[in-house]
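Please open the structure in your viewer and follow the stops below in order. Each stop names a selection and describes what is found there.

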Amino acid sequence: MNVKKEFPLLKSKVVYLDSAATAQKPKVVIDSVKSFYETSNANVHRGMYDLGEKATDLYESSRTNVANFIGAGTTEIVFVKNATEAINLVANSWGFVNVKKGDKILLTELEHHSNIVPWQLLAKCVGAKLLYVPITKDGELDKKEFSKLIKQKPKLFAVTHVSNVLGTINPVKKFIAEAHKNKVLVLVDASQSVPRTKIDVKNINCDFLVFTGHKAFGPMGVGVLYAKKDLLENMPPFLGGGSMIKQVHLQESTFADVPARFEAGTPNVAGAVGLAKAIDWLQEKGMGNIQQHEKELTKYARKKLKEEKAIKLYGSENNAGVISFNLGDMHAHDVAAVLNEENICVRAGHHCAMPLMNKLGVPATVRVSFGPYNSKDDVDKLMSAIQRAKKVFRL
Amino acid sequence: MMEQLYQEVILDYYRNPRNKGHLDNPQIKACDVNDSCGDEITIEATEKNGKMSEIKFSGQGCAISQSAASMLTEYVQGKSVENIAKLNKEEVLKLLNIPVSGMRLKCALLGFKVLKLGIIEYLGGKNGSSS
């Protein structure tokens, strides 16, 4: 792939290997946000003037774009701030209606804190219990344990599509089929997979799917909740305020139809416009091409890292562009500090997945994650910086 | 720059930490976590005749935070608790003698922050109970 030149930030000398934290933005996305503010800025669903209508059209056509991209209906798409907000929305709205004392919610040991903490808050409030699908030593979800746990009939199974720490790709379609056989609803956190995998929500048949825009080359501050229409229509509001109402009286209000019922207040219109442009960009480059490119890079990098004796790699070859490792007896932060001196941006720490770190038996890892703008040259630079780190740490 | 930061002595204290462990009945005990990176330090100590008689640290984190905490425990052992309470961060950084700045300052000073916390609490409790 030869797309690096489309990313203004990457014209500097940084070697950006942290796309799992946030992706860099192509110029077309940056321009679309700028252009919205310069030519179309007005509040949506309000102004009785052409400019307001233009902004509303842009916002709603962005929604249609997102819906088409993941195979959803337009009214099944709610714009939120990020994946975290989307999960909190489901936990607070659907959760408080459907999860009662003694009920169970099934999660996995691979989850990001954003798919753990909202469920803990709900469980604590209503007296429900959280169960976890364990991982095997390769960092894959234990399918036998999943089959046992799902028979306990939790109210919901919430699972990440791709692990943000190990890159593990979970077979969500199979999980969902088995969950549905047991009458369990499924929420998929697709934050890491949407930028690199073609997702069709009707095909995998998930009940809820969430993702954040900024990891998919869109702006920060915009994310998406997909929920099956019959579920969404029966959910009470999450946040109250303007835009989400039909009529407001002094003591009570009636609420708007979906998806507006879940979009209180002025939304991030420029963010939605930018996200829609990012989706256009992804489709133009080809999801298959991006996936293939990242797969090759991951394979190349894992091979190089494996050759280095001082490195301990985590996770398996079943991987979507994310690699976690440690160098000798050094803490990940020390390693990242030396890599930073060589202009290499990697993430070091617990990656918002402390339960997974405990399972791996380490406080932190160094994480390298790829985007379509990375090349083998970046991997080679990483490897020579690791040589430098070995020298600094006398390894 | 990195060579000066990760000089031999720092790596030695990281790999062979002095005073690492726990005390059975510490009079002084405090712990803290660096929010931005997750490094943790716990300090446990006992006082005898106004002096810090035993001191241990435990925790996990980067080489800078762990070695700095270890060096600090060696430095304060046997010194008057009241004087330790008056230590300032410049003195601690001088003790470490490494070029830390920016984000890494928090790492280098985490152990000092915890020690100070423990001593203030301890002295406060002592004064409170005697009055």
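The model on display is predicted.

**First stop: chain B**

Select chain B and colour it by secondary structure. Six helices and three strands make up its elements. Followed from the N terminus, these elements run α-α-β-β-β-α-α-α-α.

Now view chain B as a whole. Its C-alpha atoms fill a box of roughly 50 × 25 × 25 Å along the principal axes. The radius of gyration of chain B is 14 Å, close to the 14 Å given by the globule rule for 131 residues, so the chain is as compact as a globular protein of that length.

Next, display the surface of chain B. Of the 131 residues, 47% count as buried. Where contacts in chain B link residues at least 6 apart in sequence, 62% of them join residues at least 24 apart.

**Second stop: two helices of chain A**

Move to chain A and select helix H1 (residues 27-40) together with helix H2 (residues 50-70). How do their axes cross? The axes come within 10 Å and cross at roughly 160 degrees. Angles over 145 degrees count as roughly antiparallel, so H1(A) is roughly antiparallel to H2(A).

Show the side chains at this contact. H1(A) contributes A:Phe36, A:Thr39 and A:Ser40, while H2(A) contributes A:Leu51, A:Lys54, A:Ala55 and A:Leu58. By class, four of the residues in this contact are nonpolar, two are polar and one is charged.

Methods. Residues numbered from 1 in each chain as written. Chains lettered and ligands numbered in written order. Predicted model: local features only at pLDDT ≥ 70, side-chain atom pairs only at ≥ 80, totals over all residues. Heavy atoms only, no water. Axes fitted to C-alpha atoms, helices over the stretch in contact; angles between N-to-C directions. Helix = DSSP H or I, 4+ residues; strand = E, 2+ residues; numbered from the N terminus. Parallel < 35°, antiparallel > 145°, perpendicular 65-115°, else oblique. Contact = heavy atoms within 4.5 Å. Nonpolar A, V, L, I, M, F, W, Y, C, P; charged D, E, K, R; others polar. Rg over C-alpha atoms; globule rule 2.2 N^0.38 Å. Buried < 20%, exposed > 50% of the residue type's maximum accessible area, 1.4 Å probe, protein only.
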